[in-house]
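Q: Could you take me through this structure? I would like to start with charged pairs and then move on to cores, helices and strands.

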Amino acid sequence: MTRFTLRKTNRLGLFLVLLQLIPGAFLAAQNSSDTSHPAKAWSAHFQVTVIGQSHSGFRSPYRGPNSLADTVEPVATSVSSTLYLGRKLWKGAAIYFNPEVTGGKGLSFTTGVAGALNGETYRVGATQPQVFIARAYFQQTFALGKQASNQYLPDEANQVAGRVPARRLTLTIGKFALSDFFDDNAYSRDPRTQFFNWSLWANGAWDYPANTRGYTFGLVADYTVPGWTLRFSSTAVPKIANYKLMEYQPAHAHSETLELEHQYLWNGRPGAFRLNLSRTQSRAPSYQDGLKALRDNDRFLLLVIAGDTENIRYGGKKMAIAANMDQQLTRDLGLFSRIGWNDGRYVSWAFTEIDRTFNLGLSLKGSSWHRPQDVVGLGSVINGISQEHRQFLAAGGDGFILGDGALNYAHEFITEWYYSAHLFDHTSLSFDYQFVKNPAYNRDRGPVHVFGLRFHAEW
């Protein structure tokens, strides 16, 4: 399946040249007279992640165009490599630039499971490595009040080290992933180091605006005081369902997200709670439109819903609410959970086909078996969809991820276990297992056993 063939580019040479600059830029960034809390002018980091996955064969009396293959597939491999560059401009201001290379594919081209199996793969038809600009944005922080800059932010990916006011307003404008700022979680947010499954490292019911690779452009504002952050964004949405091109039409197509985050101590240990509200307007048709299109054999509208062509009208509106928490229980053990809901009236447009979700999990460091940098994670998630969504799939409709040709509905249930073994400085090797019951909400298919191996390195 080659739904979207990305434009070939000759920027690989430029990217390789930039890689040669990492050591010098990184060493230059270390120079500071304050060795305990150094302020820096540059930030330079790099990551590479390779994931291979395979799954068992399973019971499948029928299948559709977006079904997970019911036989054992060849190992599906994904690779990503990112260069994170940041430069301080003036007091409180910085720019960030992230060239990225990705390649490979997911199992069954990332179809057939609403809680998709590999967070490093997307609905991209081209499997050869592609070079693109993942992020390019400007950020300005304003002090609120007369207090000194008394909170230290360390040097890390897309963060130039330095002190910032404890009470501040931060504005970000440009291209980024909305998940860089919202739906954070200490134990489950990054498929490059933590859980693989989309509905464990993110809130599946938040159909957050993004292109096929997970990025958008727009504005984010963060208002921070000790213990609390209120953040707001207004960003572009895909022009076509799960598409590479975005559009921002203030009267018709845009998405707003509001999140309140509270960080606290419980029994002396850190925790956080986040409440997220979002509203998206787009070209998305409703599932009722889809049912009518099936009855009328309206192939054009069915292609719109599946993400294969453009719908010229606007009118899709989706409301969502999500909550997210993480809590350190002991020095080595952490708990996390997410719950989410969207109205499910209009078709999924950007992330995945989930309208209700709940997950719960644990993360444990390996100190007790003398491997303090190892991590083991265990998480489970229950996903569901709205009545209209069910009816559309049961009638033979296809979304951009799901479509078995029929549907005997049941909640999708996924449990994932991973063990991340520290190899040497900055590198790890992870073993992953996922058990998927009722893939694509279909009790007639499955269960599925999915096995994965991940290599990750970062500097």
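This is a predicted model: local features need pLDDT of at least 70, side-chain atom pairs count only at pLDDT 80 or more; totals for chains, interfaces and linings use all residues.

Q: How many salt bridges does a search of the whole structure find?
A: The search finds 18 salt bridges.

Q: Which residue forms a salt bridge with Asp184?
A: The partner is Arg189, and the two side chains meet at 2.8 Å, N to O.

Q: What about Arg231, which residue does its side chain meet in a salt bridge?
A: The side chain of Arg231 meets that of Glu259, with a distance of 2.8 Å from N to O. Arg231 belongs to strand β9 (residues 228-235) and Glu259 to strand β12 (residues 254-266), so this pair ties together parts that are 28 residues apart in sequence.

Q: And is that pair buried or exposed?
A: Both Arg231 and Glu259 are buried.

Q: Which residues are linked with them in a network of salt bridges?
A: The network links Arg231 and Glu259 with Asp222, Glu261, Arg274 and Asp326.

Q: Where do Arg445 and Asp404 lie?
A: These two residues form a salt bridge, their closest N and O atoms being 3.8 Å apart. Arg445 lies in the loop between β19 (427-437) and β20 (448-458), while Asp404 lies in the loop between α6 (387-394) and β18 (412-424), so the pair ties together parts that are 41 residues apart in sequence. Arg445 and Asp404 are both buried.

Q: Switching topic: which residues touch the most other members of the largest nonpolar core?
A: That core has 40 residues, and those touching the most other members are Leu178, Tyr208, Leu402 and Tyr441. The elements giving two or more residues to the core are β3 (93-104), α3 (198-201), α4 (287-296), α5 (299-305) and α6. The largest share, four residues, is that of α5.

Q: What is Leu178 in contact with?
A: Apart from neighbours within four places in sequence, Leu178 is in contact with Trp206, Tyr208, Pro209, Val220, Ser233, Thr235 and Thr257.

Q: How many residues are in the second core?
A: The second core is separate and has 16 residues, including Leu107, Tyr187, Phe195 and Val450.

Q: Now the helix α4. Which of its residues are buried?
A: The buried residues of α4 are Tyr287, Gly290, Leu291 and Ala293. Viewed down the helix axis, they fall within an arc of 160°, so they line one face of α4.

Q: What covers them?
A: The cover over the buried residues of α4 includes α5 and α6.

Q: And what follows α4?
A: The residue after α4 is Asn297, whose phi is positive, near 55°.

Q: On to the strands: do β8 and β9 run parallel or antiparallel?
A: Strands β8 (residues 216-225) and β9 run antiparallel, joined by eight bridges. As one example of a pairing, Tyr223 has Leu230 of β9 as its bridge partner.

Q: How many residues lie between β8 and β9?
A: The two strands form a hairpin with two residues between them, and Gly227 in the turn has a positive phi of about 90°.

Q: In what sense do β9 and β12 pair?
A: They pair in the antiparallel sense over eight bridges. Thr235 stands opposite Ser255, which is in β12.

Q: Is Tyr346 buried or exposed?
A: Tyr346 is found in the loop between β15 (333-342) and β16 (356-366). Tyr346 counts as buried because its relative accessibility is 16%, and the cut-off for buried is under 20%.

Q: What does Tyr346 touch?
A: Not counting residues up to four places away in sequence, Tyr346 touches Ala284, Pro285, Ser286, Tyr287, Gly315, Gly316, Lys317 and Lys318. Tyr346 and Glu388 are 42 residues apart in sequence, and their C-alpha atoms are 8.8 Å apart in space.

Q: Last one: where is Gln159?
A: Gln159 is in the loop between β5 (151-153) and β6 (162-164). At 18% relative accessibility, Gln159 counts as buried. Leaving aside neighbours within four places in sequence, Gln159 is in contact with Ser43, Tyr96, Leu153 and Pro154.

Key:
Residues are numbered from 1 along each chain as its sequence is written. Side-chain values use heavy atoms; hydrogens and water are left out. A salt bridge is a side-chain nitrogen of Lys or Arg within 4 Å of a carboxyl oxygen of Asp or Glu. Buried means under 20% relative accessible area, exposed over 50%, partly exposed in between (1.4 Å probe, protein chains only). A nonpolar core is a set of buried Ala, Val, Leu, Ile, Met, Phe, Trp, Tyr and Cys residues joined through side-chain atoms within 4.5 Å. Contact means heavy atoms within 4.5 Å. The arc is that of the directions from the helix axis to the C-beta atoms. Two strands pair if DSSP finds at least two bridges between them.
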